[in-house]
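Here is a briefing on one protein chain. Look through the sequence and the model first, then read the points below.

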Amino acid sequence: MPTGPKHVHCYLAGGTLFDTGLGLSDAPWAAVEAERIAITHFHPDHVGGAEAAARATGAPVFQGGLDYAQCERVWGSDDWPERIASWFVRHGAPDGVAEDLIAQGHAFAPFIRYAVDPNLLYEGSVVDGWQVIELPGHADGHLGFLRDDVLIGGDHLLQKISPAVGLYPESRPDPLGDYLASLERTIELAPRIVYPGHGEPIPDAAARARELIEHHRLRLDDTAEALGVEQRSAYEISLDVFGADLGPTQRRFAVAETLSHLERLVREGRAGRGEDDQRVFYTGP
Ligand SMILES: [Zn+2]
């Protein structure tokens with residue numbers, strides 16, 4: 001991958017190919033003996049190669065129902081970079097940042113070639129013995145695939161990095177609340193091992209889930225501390241929480257992540273939200 005963490009895992013298990021990487025022209029799909037392709041979530045590094053993988057292998061594609069609806073809404077139109085940029089401006093991003101977002105969004109688009117009209121999956125669906133588990137948070141329609149005590153986890157759980165949980169336009173209103181509930185569910189499921197989209201396999205999923213819950217509890221406190229009587233945008237607050245020295249991509253994640261924490265704080269009664277014609281603001285409770 002051109003950006004961090006520089007790689008993504010696709011797994012082939014018992015004839016099922018899980019995830020397809022970015023849509024790169026030299027991917028060796030013809031050599032992969034896949035009977036079916038399952039997608040954990042619609043982010044470019046997981047779904048981008050789905051069309052090419054399906055064409056080369058002849059395998060049908062399975063994707064979450066909610067996830068595919070979002071996939072079409074976001075990647076199926078030409079103006080997503082403009083839509084997301086104007087949304088960031090509404091949350092306080094300066095114009096220069098918005099222009100970078102637009103340029104970057106269009107540069108990335110050729111690598112996102114999802115498969116049209118996949119077989120849709122929901123909680124309780126089964127794909128060749130793999131039980132479908134809805135694990136919203138990192139993406140609204142994120143799926144995990146559980147068989148015996150092995151979980152193909154996509155980006156729901158990563159060992160070294162905290163999976164990004166951001167609020168984006170046209171998505172569920174409280175992604176961090178969703179994510180914390182999915183982490184609790186992971187503790188209950190207690191899979192013996194999780195094969196993640198990035199990094200090494202995770203041997204103690206429940207322990208990692210507890211660490212991530214604690215990480216977000218501390219970040220919620222940091223975010224709450226940045227609030228007061230003064231009306232501040234999510235962009236301004238992200239400078240406090242994540243620092244001022246970030247490139248455009250990292251800043252985009254920081255603002256979206258700040259927003260998911262702010263919206264959780266609003267629901268917990270620890271923050272207030274207001275808006276006018278141009279901007280959305282947050283304050284203390
Ligand atoms: Zn990923």
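Start with Q131, which is partly exposed, because 16 other C-beta atoms lie within 10 Å. (A residue is buried if 20 or more other C-beta atoms lie within 10 Å of its own, exposed if 12 or fewer, and partly exposed in between; C-beta atoms are placed from the backbone.) This is a predicted model: local features need pLDDT of at least 70, side-chain atom pairs count only at pLDDT 80 or more, and totals for chains, interfaces and linings use all residues. Residues are numbered from 1 along each chain as its sequence is written.

**Around Q131**

- Q131 sits in strand β7, residues 130–134. Strands (E, at least two residues) and helices (H or I, at least four) are DSSP runs, numbered from the N terminus.
- Leaving out residues up to four places away in sequence, Q131 touches V126, L146 and R147. Contact here requires C-beta atoms, placed from the backbone, within 7 Å.
- Q131 and L151 are 20 residues apart along the chain, and their C-alpha atoms are separated by 9.3 Å.
- Q131 in β7 is the bridge partner of V126.

**The sheet that holds β7**

- Five strands form an open sheet in the order β6-β7-β8-β9-β10, with mixed pairing. Two strands pair if DSSP finds at least two bridges between them.
- The edges are β6 (126–127) and β10 (193–196); each has a single partner strand, so one side of each is left without a neighbour in the sheet.
- β6 and β7 run antiparallel and are joined by two bridges.
- Strands of a sheet pair through backbone hydrogen bonds, either parallel or antiparallel.

**The other five-stranded sheet**

- This open sheet has the order β1-β2-β3-β4-β5, also with mixed pairing.
- Axes are lines fitted to C-alpha atoms, for helices over the stretch in contact; angles run from 0 to 180 degrees between N-to-C directions.
- β3 (residues 36–38) and β4 run parallel, joined by two bridges. A38 stands opposite F62 in β4.
- Three bridges pair β4 with β5 in the parallel sense. G64 stands opposite L121 in β5.
- In a regular strand the side chains alternate between the two faces of the sheet.
- Strand β4 (residues 61–64) is covered on both faces. V61 and Q63 on one side are buried, as are F62 and G64 on the other.
- Helix α2 (residues 50–57) lies across β2 (16–18), β3 and β4, at about 165° to β3.
- Helix α3 (residues 65–75) lies across β4 and β5, at about 95° to β4.

**Hairpin**

- β11 (residues 272–275) and β12 (residues 280–283) run antiparallel, joined by four bridges.
- The two strands form a hairpin with four residues between them. G272 stands opposite T283 in β12.

**Helix packing**

- Helix α6 (residues 175–189) packs against helix α9 (residues 248–267) at an angle of about 85°, with the axes 7 Å apart. That makes α6 roughly perpendicular to α9, a term for angles of 65 to 115 degrees.
- P175, L176 and G177 in α6 meet S260, H261, R264 and R267 in α9.
- The residues of this contact are two nonpolar, three polar and two charged. Ala, Val, Leu, Ile, Met, Phe, Trp, Tyr, Cys and Pro count as nonpolar, Asp, Glu, Lys and Arg as charged, and the others, Gly among them, as polar.

**Positive phi in loops**

- D117 lies in the loop between α5 (95–108) and β5 (119–121). Its phi is near 55°, a positive value in a residue other than glycine. D117 is exposed, because 9 other C-beta atoms lie within 10 Å.
- E170 lies in the loop between β9 (150–154) and α6. Its phi is near 60°, again positive in a residue other than glycine. E170 counts as exposed, with 12 C-beta neighbours inside 10 Å.

**Whole chain**

- The protein chain has nine helices and 12 strands.
- Of its 285 residues, 41% count as buried.

Key. Angles under 35 degrees count as roughly parallel, over 145 as roughly antiparallel, 65 to 115 as roughly perpendicular and the rest as oblique. Two residues are in contact if their C-beta atoms, placed from the backbone, lie within 7 Å.
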